[in-house]
Amino acid sequence: MSDRDPFSEIERAFDMLGEQFGVDMGAIPVDVVDEGDTFVVHADLPGYDSDDIDVQLVEDRKLTISATSSQERESTDGQYIQRERRQQSLSRSVRLPEAVDEAETTASYDNGVLTVRLSKVVHSEDDDGTNIPVN
């Protein structure tokens with residue numbers, strides 16, 4: 001009989017698969033949906049409180065989501081026999097294909113899913129650019 005921890009073996013296998021396919025298994029999984037005049041980003045963040053989540057918009061096109069568990073999972077009733085749930089910090093940046101209006105951005109968190117709605121910057125149909133005089 002082996003003394004190896006089967007959970008450690010499984011975790012190691014997932015890490016190897018993630019490296020092989022270029023997916024960071026520790027990253028926040030996201031879906032980005034283009035709804036015409038709005039981008040909607042859904043991010044899975046189970047086990048976090050809304051106060052643990054930070055959402056930032058950088059330069060109108062880069063959305064950064066980070067989460068840090070503020071809860072210390074300490075047992076007050078005894079000593080740990082096995083401890084697999086650990087405090088973890090996650091972060092993910094998503095480059096948006098178009099600029100968005102910072103003032104028209106909202107975020108909500110429900111049942112472990114963060115939803116960020118980002119309104120695209122409205123361009124006028126007549127806007128052919130800005131004329132720059134040449135001297």
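The model is predicted: local features need pLDDT of at least 70, side-chain atom pairs count only at pLDDT 80 or more, and totals for chains, interfaces and linings use all residues. Residues are numbered from 1 along each chain as its sequence is written, and side-chain values use heavy atoms, with hydrogens and water left out.

**Fold**
- The chain holds one helix and seven strands (DSSP runs: H or I of at least four residues for helices, E of at least two for strands, numbered from the N terminus).
- From the N terminus, the order is α-β-β-β-β-β-β-β.
- Contacts are heavy atoms within 4.5 Å. Of those with a separation of 6 or more, 52% join residues 24 or more positions apart.

**Core**
- The largest nonpolar core has 18 residues (buried Ala, Val, Leu, Ile, Met, Phe, Trp, Tyr and Cys joined through side-chain atoms within 4.5 Å).
- Two or more residues each come from β2 (38-44), β3 (53-58), β4 (62-68), β5 (89-95) and β7 (113-120).
- Leu 45, Ile 53, Ile 65, Leu 114 and Leu 118 have the most contacts inside this core.
- Leaving aside residues up to four places away in sequence, Ile 53 touches Leu 45, Tyr 48, Ile 65, Ser 66, Ala 67, Tyr 109 and Leu 114.

**Rings**
- Lys 120 lies over the face of Phe 39, 4.6 Å from the ring centre (cut-offs: NZ of Lys or CZ of Arg within 6 Å of the centre and within 35 degrees of the ring normal).

**Surface**
- Of 135 residues, 21% are buried (under 20% relative accessible area, 1.4 Å probe, protein chains only).

Terms used
Buried < 20%, exposed > 50% of the residue type's maximum accessible area, 1.4 Å probe, protein only.
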